[in-house]
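Thanks for coming, everyone. Please look at the screen, and I'll walk you through what we have.

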Amino acid sequence: MTASADDYRWMARALVLAERGLFTTTPNPRVGCVIVRDGAIVGEGWHVRAGEPHAEVHALAMAGEAARGATAYVTLEPCSHHGRTPPCADALVKAGVARVVAAMEDPNPLVAGRGLARLRDAGIETLSGVQEAQARELNIGFVSRMTRGRPWLRLKVAATLDGKTALDNGVSQWITGDDARRDAHRWRARSCAVLTGIGTVRDDDPQLTVRAIPTERQPLRVVVDARLETPLNAKLLDGGKVLIAGAVDQPERIAALQRRGADVVILPNDGGKVDLNALMLELGRRGINEVLAESGFKLNGSLLREGCVDELVLYLAPSLVGDAARGLFNLPALTSLQDKRQLVFHDIRQIGPDLRILARPA
């Protein structure tokens, strides 16, 4: 069975609904559902937050008896297992829908095709893959965690047109304009965690919270701090969840940070630094889907070298500050251009006076 133009039309509406949960569903995926009967929407809904009803439940409640014989469009395969809520596949069967169109199969091993199979076993016609690319992008972090065991990491950097992130004396506020900084807070708001290094904590004393846009949820703040040097009066310790990743087991220092409300995990590599790949796996185990890294050029370079970066969010300001200023990444010098790190532009747009470039490793 092939998808019709109407299938794409109604799935587009379901994706719009799913995006309403962009800031709130973590660690769950963002899902929307539209129920259509006789060419008209009779029910729709989206998943708002973990532990609450899924999108299909909201849509079925709105549709009522009109769901019988209708088509349900859902941006992710209906779940087939009991979690904090009952299986949505069973709810669709009970409601008597005739057809279910899913944008993509659920990468969660607990589902992974079982939801659609449950529907087919009940005599419901199913179709998957309608607007799959869009659905996958919406839940790229959830897909990453389910398939790789680690979150999707975006590295956010603001630079001048000559690629400088700060003056030689460390001054960096502000390179970009208000619009770009507000846009950056949207990336924070959709992220499950914001990651930085001890250098940024010492130099800038950031809060790493979402402030420029309304949100009901703050991301976990993660500090890569090999020697556990995070000041006990650091602003990011003044409320909210904080995880400090260290490389040395210093019980007294760990206890002091814990008294300030921080969680501490020790993940050393062979060089006495924090094992960044082990940290990514640890965040995956904690249900973190998307991470936004906002760090200095040293940690930026380390994240790139260790293969932790999935996407760059680069804001370029129309200004020049000269060669002596600080660059983007602490990377080793190359002797051949064949060794350059190749990227693929994913999106380029103007945000106020600045450019925002989304790029991914080729």
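**A quick tour of the model**

Let's start with the parts list. The protein has 11 helices and 14 strands. Keep in mind that this is a predicted model.

Next, overall shape. The C-alpha atoms fill a box of roughly 65 × 45 × 40 Å along the principal axes. How does the radius of gyration agree with that of a compact globule? With 362 residues, a compact globule would be near 21 Å, and the protein has 23 Å, which agrees.

Now the inside. Of the 362 residues, 51% count as buried. Look at the contacts between residues at least 6 apart in sequence: 70% of them join residues at least 24 apart.

The accessible surface comes to about 16,700 Å². Carbon and sulfur atoms account for 50% of that surface.

Charges next. There are 46 positive and 43 negative side chains. The centres of the two sets lie 2 Å apart.

Last topic: cysteines. How many disulfides are there? The count comes to 0. Take Cys88. The closest cysteine sulfur to its own is in Cys79, 3.8 Å away. A disulfide needs the two sulfur atoms within 2.5 Å, so 3.8 Å is too far for a bond. Cys88 is also buried, with a relative accessible area of 1%.

Then Cys308. Here the closest cysteine sulfur is in Cys192, at 17 Å, and that is too far for a bond as well. Is Cys308 buried or exposed? Cys308 is buried, with a relative accessible area of 0%.

That's my tour. Thank you.

Definitions and conventions
Residues numbered from 1 in each chain as written. Predicted model: local features only at pLDDT ≥ 70, side-chain atom pairs only at ≥ 80, totals over all residues. Heavy atoms only, no water. Helix = DSSP H or I, 4+ residues; strand = E, 2+ residues; numbered from the N terminus. Rg over C-alpha atoms; globule rule 2.2 N^0.38 Å. Buried < 20%, exposed > 50% of the residue type's maximum accessible area, 1.4 Å probe, protein only. Contact = heavy atoms within 4.5 Å. Areas by Shrake-Rupley, 256 points an atom, 1.4 Å probe, with all protein chains shown as cover. Lys, Arg positive; Asp, Glu negative; His and termini not counted. Charge placed at Lys NZ, Arg CZ, Asp CG, Glu CD.
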